Amino acid sequence: QVQLVESGGGLVQPGGSLRLSCAASRSIWSINAMGWYRQVPGKERELVAISNGGSTNYADSVKDRFTISKDNAKNAVYLQMNSLKPEDTAVYYCNMGVLEYSYSRRQRDYWGQGTRVTVSS
């Protein structure tokens, strides 16, 4: 079993930046897919960014402001968020599709616990 630990959330003023991190609790063989989602109270969780098989897609609302990336050596994925807006306020969740071991035949899917981002002056 792998746990994903998120960090980097907090309070930031409009126009500011934050970098969210999501690290696996132990070493894994490879991160095949990664994504960030967000949720506000009373609404469904929405996709922010996703990367799978070399293809990366962003929600229209965050294009050109957010960047998803990963560091396989650190077993971590990141979300760089620039030019933040009040409407970006939400709890952000990371998702990883991983091969845990070199001999793993099936990708397993894990979620982080969420980190809160508040954009306010």
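Start by selecting Asn95: leaving out residues up to four places away in sequence, this residue touches Ala33, Met34, Gly35, Tyr37, Asp109, Tyr110 and Trp111, where contact means heavy atoms within 4.5 Å. Before going on, note that you are looking at a predicted model, in which local features need pLDDT of at least 70, side-chain atom pairs count only at pLDDT 80 or more, and totals for chains, interfaces and linings use all residues. Residues are numbered from 1 along each chain as its sequence is written, and side-chain values use heavy atoms, with hydrogens and water left out.

**Stop 1: around Asn95**

Asn95 sits in strand E9; strands are DSSP runs of E, at least two residues long, and helices are runs of H or I, at least four, with numbering from the N terminus. At 9% relative accessibility, Asn95 is buried. That label means under 20% relative accessible area, while exposed means over 50% and partly exposed lies in between (1.4 Å probe, protein chains only).

Now show the side chains. Asn95 makes a 3.1 Å polar contact with the side chain of Asp109. Such a contact is a pair of N or O atoms within 3.5 Å; within protein, one must be able to donate a hydrogen and the other to accept it, and residues adjacent in sequence count only if both atoms are side-chain atoms. The Asn95 side chain also reaches the backbone oxygen of Tyr110, again at 3.1 Å.

**Stop 2: along E11**

From E9, step across to strand E11 (115–119). E9 and E11 run antiparallel and are joined by three bridges; strands pair if DSSP finds at least two bridges between them. For a landmark, find Tyr92, which stands opposite Thr115 in E11.

E11 has another partner to pick out: strand E2 (residues 10–12) pairs with E11 in the parallel sense, over three bridges. Here Gly10 is opposite Val117. Which residues of E11 lie on its covered face? Thr115, Val117 and Val119 do, whereas Arg116 and Thr118 make up the uncovered one.

**Stop 3: the nonpolar core**

Select Trp36, Leu79, Met81 and Tyr92. Within the largest nonpolar core, which has 29 residues, these four touch the most other members. A core here is a set of buried Ala, Val, Leu, Ile, Met, Phe, Trp, Tyr and Cys residues joined through side-chain atoms within 4.5 Å. Colour by strand and you'll find that E3, E4, E5 (46–52), E7, E8, E9 and E11 each supply at least two core residues. E9 gives the largest share, with five.

**Stop 4: the charged network**

Next, select Arg38, Glu46, Arg65 and Asp88, which are linked in a network of salt bridges. A salt bridge is a side-chain nitrogen of Lys or Arg within 4 Å of a carboxyl oxygen of Asp or Glu, and by that rule the count comes to six.

Begin with Arg38, buried at 6% relative accessible area. Its salt bridge to Glu46 has an N to O distance of 2.6 Å, and Glu46 is partly exposed at 37%. Arg38 also bridges to Asp88, with the closest N and O atoms 3.0 Å apart. That pair links distant parts of the chain, 50 residues apart: Arg38 is in strand E4 (residues 30–39) and Asp88 in the loop between strand E8 (76–81) and E9 (90–99). Asp88 is buried too, at 1%.

Move on to Arg65, in the loop between strand E6 (55–58) and E7. Buried or exposed? Arg65 counts as buried, at 10% relative accessibility. A 2.8 Å polar contact joins its side chain to that of Asp88. Neighbours within four places in sequence aside, Arg65 is in contact with Gln80, Met81, Asn82, Ser83, Leu84, Lys85 and Asp88.

For a further salt bridge, find Arg108 and Glu100, whose closest N and O atoms are 3.7 Å apart. Arg108 is partly exposed at 35%, while Glu100 is buried at 8%.

**Stop 5: the open sheet**

Finish with the four strands in the order E1-E3-E8-E7, which form an open antiparallel sheet. Strands E1 (4–7) and E7 (66–71) are at the edges with a single partner strand each, so one side of each has no neighbour in the sheet.
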